[in-house]
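Let's take a walk through this model together, one piece at a time. Keep the viewer open and follow along as the residues come up.

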Amino acid sequence: MYSNIDWDAITIKNNFLFQETLRNKSLCKQLLERVLHIQVKTIRYMETEKTMKAKLSSKNTRLDVYVEDKDGNVADIEMQTTDTKSVINYDERDEKTIIRELPLRTRYYQNIIGTNMLRKGMHYRELKKAYVIFICTFDPFGAGLPVYHFTYRCKENGNLQMGDLTENIFLNVKAADKTDDEELAAFLRYVNGQKPDSSFTKKLDEEATRIKNNDDWRLKAMTLDMEIKDMKKRIAKREREKGKQESKIEIAKKLLDDGMDVSKVAKLTNLSVKEVTALA
């Protein structure tokens, strides 16, 4: 059943494996502590790959690992990769496109996290801290830094922070050797494909390996992969059909402009008389 998939080749960079591995509370907590440099006492999972939207007309957004600590502070952890070799790959666009979109994506994520955090009747001052953490298998800003940590600051005075309690953090696994934080460096090296060489990354690797060898997980991975591929085919088909329809409409408009009879235009373009009449 799984003979066509090289499960050993799947690493923590795989989005589905990454999500499932961080369902381990201890590992998730340790990762947050290494990235945020704070003590995290307890966390609870709001929902893995949580779907949220700010209002009915808004775009749906899926958040990979969405957790909250006992004080109500929220962290969303995402794996960002252009690797097309994984069994499951949600985003096969080129690296440059993804890099351009990342800051805009963090902006949108922060907006919907805030909306989700502030329930009806609550005051703005009840908002808690919100972290968006992107683990990137490429350098997202091209400056060679292992960590890019952004908060809102005053343009005229860089020491003055806005204090909106939002932080956006991008980890660059390609620059593990440029950080003095050895625990973080070990994690970055591990995600970048090197063997685990710290207590934390060894535990992370053991959990990921256990999950990969689990038949139930493999079945879920296979099922999700097929669903994603089927969805992509449906979207591609819909786009092709949309393109054909738009071409027919453009041709019909030109024929009508040339004075051709509605019924004849309908026959030539395979549009209905009603559709052509609406264009006239």
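The residues lining the second largest pocket split into eleven nonpolar, seven polar and four charged. Before going further, keep in mind that this is a predicted model. The pocket itself has a volume of about 500 Å³. Its lining takes in 22 residues, and the closest to the centre are Gln 110, Tyr 152, Asp 164, Thr 166 and Asn 168. Which elements supply at least two lining residues each? Helix 3 (95–117) and strand 6 (166–172) both do, and helix 3 gives the largest share, with seven residues.

Let's zoom out for a moment. The chain has eight helices and six strands, and along the sequence they run α-α-β-β-β-α-β-β-β-α-α-α-α-α. Of its 280 residues, 42% are buried. Take the contacts with a separation of 6 or more: 57% of them link residues 24 or more positions apart.

Now back to strand 6, which has already turned up at the pocket. Is strand 6 largely enclosed or open? Seven of its seven residues are buried, so the rest of the structure largely encloses it. In a regular strand, side chains alternate between the two faces of the sheet. Here Thr 166, Asn 168, Phe 170 and Asn 172 sit on one side, with Glu 167, Ile 169 and Leu 171 on the other, and both faces are covered.

Strand 6 also has pairing partners. With strand 4 (residues 130–136) it pairs in the parallel sense, over seven bridges; in that pairing, Ile 135 has Leu 171 of strand 6 as its bridge partner. With strand 5 (residues 147–150) the pairing is antiparallel, over four bridges, and Phe 150 stands opposite Asn 168.

For a sense of distance, Tyr 148 and Ile 133 are 15 residues apart in sequence and 10.0 Å apart in space, C-alpha to C-alpha.

In soluble globular proteins, nonpolar side chains tend to be buried together. The largest nonpolar core in this model has 43 residues, and those with the most contacts inside it are Leu 32, Ile 77, Ile 135 and Phe 187. Helix 2 (residues 25–36) provides the largest share of this core, six residues. What does Leu 32 touch, leaving aside its neighbours within four places in sequence? Leu 32 is in contact with His 37, Val 40, Ile 43, Val 67, Ala 75, Ile 77 and Ile 133. There is also a second, separate core of 14 residues, which includes Tyr 66, Ile 98, Tyr 109 and Cys 136.

One last stop is Arg 189, found in helix 4 (residues 182–191). Is Arg 189 buried or exposed? The cut-off for buried is under 20% relative accessible area, and Arg 189 comes in at 18% relative accessibility, so it counts as buried. Not counting residues up to four places away in sequence, Arg 189 touches Ala 176, Glu 182, Gln 194 and Asp 197.

Technical notes: Residues numbered from 1 in each chain as written. Predicted model: local features only at pLDDT ≥ 70, side-chain atom pairs only at ≥ 80, totals over all residues. Heavy atoms only, no water. Core = buried A, V, L, I, M, F, W, Y, C linked by side-chain atoms within 4.5 Å. Buried < 20%, exposed > 50% of the residue type's maximum accessible area, 1.4 Å probe, protein only. Contact = heavy atoms within 4.5 Å. 1 Å grid on protein atoms, 1.4 Å probe; cavity = no way out; pocket = protein on both sides within 12 Å on 5 of 7 lines; lining within 4 Å. Points joined across faces, edges and corners; volume = space filled by probe spheres on them. Nonpolar A, V, L, I, M, F, W, Y, C, P; charged D, E, K, R; others polar. Pairing = 2+ DSSP bridges.
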